[in-house]
4 protein chains.
Amino acid sequence: MKGRWAELRVGVVGAGGMGSRHARNLLGRGAAVVAVADSDPERARSLAEACGGARTYEDGAELVRDPDVEAVVVASPDPTHARYVLACLQAEKPVFCEKPLATTVQDAEEVVRRELACGRRLVQVGFQRRYDPEFRALRRAVEEGLVGRPVLFRAWHRNARAAHGPPGSNEAVIVNSAIHDLDELRWLAGAEVEVVHAVVGRSVDPSLGEGILDLQVMQLGLTGGALALVELNLSAGYGYEVGVEVVGDQGSLSAGLPSGVVARREGRCGVSVPGDWLARFEDAYAAEVASWVDTLRSGGPPWPHAWDGYAALVAARACAHALRTGGAVRLTAENPPPLYAA
Amino acid sequence: MKGRWAELRVGVVGAGGMGSRHARNLLGRGAAVVAVADSDPERARSLAEACGGARTYEDGAELVRDPDVEAVVVASPDPTHARYVLACLQAEKPVFCEKPLATTVQDAEEVVRRELACGRRLVQVGFQRRYDPEFRALRRAVEEGLVGRPVLFRAWHRNARAAHGPPGSNEAVIVNSAIHDLDELRWLAGAEVEVVHAVVGRSVDPSLGEGILDLQVMQLGLTGGALALVELNLSAGYGYEVGVEVVGDQGSLSAGLPSGVVARREGRCGVSVPGDWLARFEDAYAAEVASWVDTLRSGGPPWPHAWDGYAALVAARACAHALRTGGAVRLTAENPPPLYAA
Amino acid sequence: MKGRWAELRVGVVGAGGMGSRHARNLLGRGAAVVAVADSDPERARSLAEACGGARTYEDGAELVRDPDVEAVVVASPDPTHARYVLACLQAEKPVFCEKPLATTVQDAEEVVRRELACGRRLVQVGFQRRYDPEFRALRRAVEEGLVGRPVLFRAWHRNARAAHGPPGSNEAVIVNSAIHDLDELRWLAGAEVEVVHAVVGRSVDPSLGEGILDLQVMQLGLTGGALALVELNLSAGYGYEVGVEVVGDQGSLSAGLPSGVVARREGRCGVSVPGDWLARFEDAYAAEVASWVDTLRSGGPPWPHAWDGYAALVAARACAHALRTGGAVRLTAENPPPLYAA
Amino acid sequence: MKGRWAELRVGVVGAGGMGSRHARNLLGRGAAVVAVADSDPERARSLAEACGGARTYEDGAELVRDPDVEAVVVASPDPTHARYVLACLQAEKPVFCEKPLATTVQDAEEVVRRELACGRRLVQVGFQRRYDPEFRALRRAVEEGLVGRPVLFRAWHRNARAAHGPPGSNEAVIVNSAIHDLDELRWLAGAEVEVVHAVVGRSVDPSLGEGILDLQVMQLGLTGGALALVELNLSAGYGYEVGVEVVGDQGSLSAGLPSGVVARREGRCGVSVPGDWLARFEDAYAAEVASWVDTLRSGGPPWPHAWDGYAALVAARACAHALRTGGAVRLTAENPPPLYAA
């Protein structure tokens, strides 16, 4: 506990849904949002007002250079993430970047390279599941050996419907959505994807267009020998659900199963399923930003870090390749630089 | 969302477990703890340091008068609550008071009377269940008519073991513990306890001393006609669990059933039960304080209010009477003054 | 295991829903239904044919005297039960009688008296819950001390709607429906109802007529000191549910919570609730009849026995009295005759 | 309902655990066990006595020829199944054969060929899951379209430990154990395995010997386009669990999740997991034999039939091939002969 807070002065790049959410969570944590950037000036103005009168920019890079901005949140469209993160690194300002860190492996590598050059961790990536209380409790239980040695990680990731209209490509499905699951596996297993045995998909919702595989099943092998299964389902119909089961040689642990108020009605007994990730991960989004603010205040390194963003993207690209070719893909082992030691 | 926070300067009376918790939650919300009072100077000093160097007092009344203290948290022993709350009312300072608001009906009445004289709501009572996300979701569902007209409220309240050693009396069991359940019923039903049909108890844990009824079952009737059942169990053995089921003419809703990570181990499949109320209501404690801080900043009235504290105590005393006499007790209807309209 | 079955030749009195069900279960167990009696000859004939050509009677007493009938099932209207059971006792034929054993305490006493005169147990009462696998598993766990010493039994009994139209009286609600719960408590606790602290009711479904208390809550004390709560609810709206929780000083055990196929649909995740007791207790009805057949073949005593039928009725009448008078009722202790020792 | 039973006279080949269980279930259904065969005369005699004095044989083929034996249960070691089934077909006697129907595809083909020559279905295969109430309820719900069009079938099959010591080979793991899951998929999906995308395994329990893959994960494609995942786990440690989730485009349905009495004890709330398949499928084993007896009495065709036994074995062999080679395997489409139409 620290008694008096030095008010953190944050700039937000991207005034859409996630940008607004992060801004609200920053205010709830006692930080100030002093600047907002968006290519749509109206949207920028609207969020800036809601934040109590922040400055506005059309170009996020200008916001980054604003000397009154101490730290930056990047919540702009995916392909622009790397650009703003690199600008922050150049200005040596801490940055919280929504996932994915970048859309190409090259860009992610460049971020890592520049951060290494800075010599300290300035980047946090928005893998909010790592801040979900139930996922964290599961990880703790795994670490305590509650179910022995983990041998199988099974993840499911279901959207009611493809959220932002038809995905542009099957690769985009993986890089935008499955990347969450790949990061989750890396985090829970403390291991890397070593081999992609098979990625198989099928079309579920015909309205998404021919060839779009909105259901994908991934079979992976992790370093250390554990197996992993991922079900990525953009068209589950019934609601949004994200969960994981870790099977060990002495039992299993599951997080993410639907819970909450139990209703008995109309011949059924059960619980609600959230409609989307905003409802499901509301607390986790608040917690990742709270952690970021606290980290900046305490001087500790932010987490998850740029290497996490990079490694998840590498795994995602390997899965995309396996889906395209119908074959297995083996990944090259890489050790993270010491800067990214836990 | 407000952009910039005026830092709220809070004094904490009582540096024990709950006082420390509230202090931590205040800091996490961006408020400052500028003073701490405790009859044990060492304990006061320790919390003051953890809060970044607050002033210390031995007497809470002095802390209340400290002009740098804008608002006060009362977390001292129960019998002293009313005294500090009245001091705050005299100083016209907002006060967050742990439950119970007072230990005698007369004192609670006095608090209400003085607050009415102030002409505005300055008191919030620490009925933290009203800030539990699941209880709130249940109440919303009841209000939306999801299960029709409520006809039965069933509450259970179980401690693993009597928390602070043997309760002093069976009446203390009700005033200290069951008061939470009575407030919960009032809140969920939007009704008052009208009649106590029967309160029956039995001794479960012999080590608590002869005549101590650590299990009590209460059968109540509420204004509007709904029935209510309360199980208060200080010696449930297995853990801490607090829940409620609302039965309507079209179904039922339950909150508080154990949930979280599902573990399959050693021939069993299930979830953990928290050990005590601190673990169970960790988020609710943070949320009630966050709401208090936000309310003070926005100028809105605090909630739950002094009348809630008073009315719950009246119901608790009626239950205690019924337990003692073995008969039914009918309560006199009272309408809250307009200051306490929702 | 016995190798060859002597085919048991059974007569069924009452060709309605329960009579037909028992007949089918008898056939499924390898017994023969050789006679059917019903005051409605058409209904008797229809069931007789379904049973492969049994004889028919209009008067159940005649059926009982049929020398080809070795054993009798009584599933006629409640007020006639005692009459046919007494006829069986006179003929010294084993009889399976649907609950309640009788509708007056005098008649139930008379059955016990006559059976005692026979010197052996000939009567089994249709308290089918004792044959429900989950209730049995719960009882076993209680006996094994899994939750320590039981201190509270909480039973709930909910119908979607009053099943056969408006109940004739509030007393009938207890004698017809709550008698199941009272037997269940006696069985699970291995104890008798010692005191009825309070029975309180309220009208839920106005279409049942003024003054009909289709929701009743009972607060009981059992011999040995455990408390008990019963919720009897004829108008729960959502479906049929019967369950019990046994709270001990080291934990609790619950049976009867909705289970089965988990469906995720339309924003909900949950299980079905059966529509009525026929669906809920389908297996228990088959098992009680199978046990009866096996018992007759092996020469063992049937169970639950006439004393169970009598004692449950006595408790039901005490509850009805408490509901009527608004006060507590204390029961006189009675020890069952040695014939009814387990 | 048929009124009088013609007592069915059954011979049991194999007096071990499953043979004894089937015998007991036959007696419970009103059939007679008139002969028992086992290569161990002592074991045969013991079961024969328990069945009330059946004849005994050392050679199952002799039992099949016994003119007093109307129908045969084959529960001998797997490699002998086909031999006794073929003997029954030659004698034109109905036969209930434990899974697998045969251990080689050639033998299973031979059974089908001979049965086709008989012109009527005489063979039932012991895929008992098809008689599990919850699996059946799930299938019904799928057929009613409760979750739309099924797109993914996910099955899990977990033993606490390899049941009969180390499996002889990884292929045996599939043919003995996973064959249940493959039949289940065929039944639930109403489809055949069309392609085995990948079967990957790992060693969990080192005591089973090097190279034994006691955990296997199978990724399949079914005719009609649905995907399927199977987790076969011989060393799950915590107990025995078999379940399936069917994901459709409007939701999902799961059967087999642990259920039953809910115990709150020692900081946990949950249910028991059965120790093995005998406990888990006790009712299903009784039901498949009851159905067999009823079918023989009514003249209806037995089910699941020889083609089911054959097709499951073909799929199992394809999975074994995929595991061995590390690649995908595509199966040749076969239409079942009209004799095996539902």
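Modeller: The buried residues of H9(B) are B:Ala284, B:Tyr285, B:Glu288, B:Val289, B:Trp292, B:Val293 and B:Leu296. Buried means 20 or more other C-beta atoms, placed from the backbone, lie within 10 Å of the residue's own. Helices here are DSSP runs of H or I with at least four residues, strands are E runs of at least two, and both are numbered from the N terminus. This is a predicted model: local features need pLDDT of at least 70, side-chain atom pairs count only at pLDDT 80 or more, and totals for chains, interfaces and linings use all residues. Residues are numbered from 1 along each chain as its sequence is written, while chains are lettered from A and ligands numbered from 1 in the order in which they are written.

Biologist: What do the buried residues of H9(B) pack against?

Modeller: Helix H1 (17-28) and strands E4 (71-74), E5 (95-97) and E6 (123-125) of chain B.

Biologist: And what follows H9(B)?

Modeller: B:Gly299, with a positive phi near 80 degrees.

Biologist: New topic: how many residues does the contact take from chain C and from chain A?

Modeller: 14 from chain C and 14 from chain A, where contact means C-beta atoms, placed from the backbone, within 7 Å. On the chain C side, E14(C) gives the largest share, 5 residues.

Biologist: How many bridges join E14 of chain A to E14(C)?

Modeller: 5, and the strands run antiparallel. For instance, A:Ser272 has C:Arg268 in E14(C) as its bridge partner.

Notes: Buried ≥ 20, exposed ≤ 12 C-beta atoms within 10 Å, placed from the backbone. Contact = placed C-beta atoms within 7 Å. Pairing = 2+ DSSP bridges.
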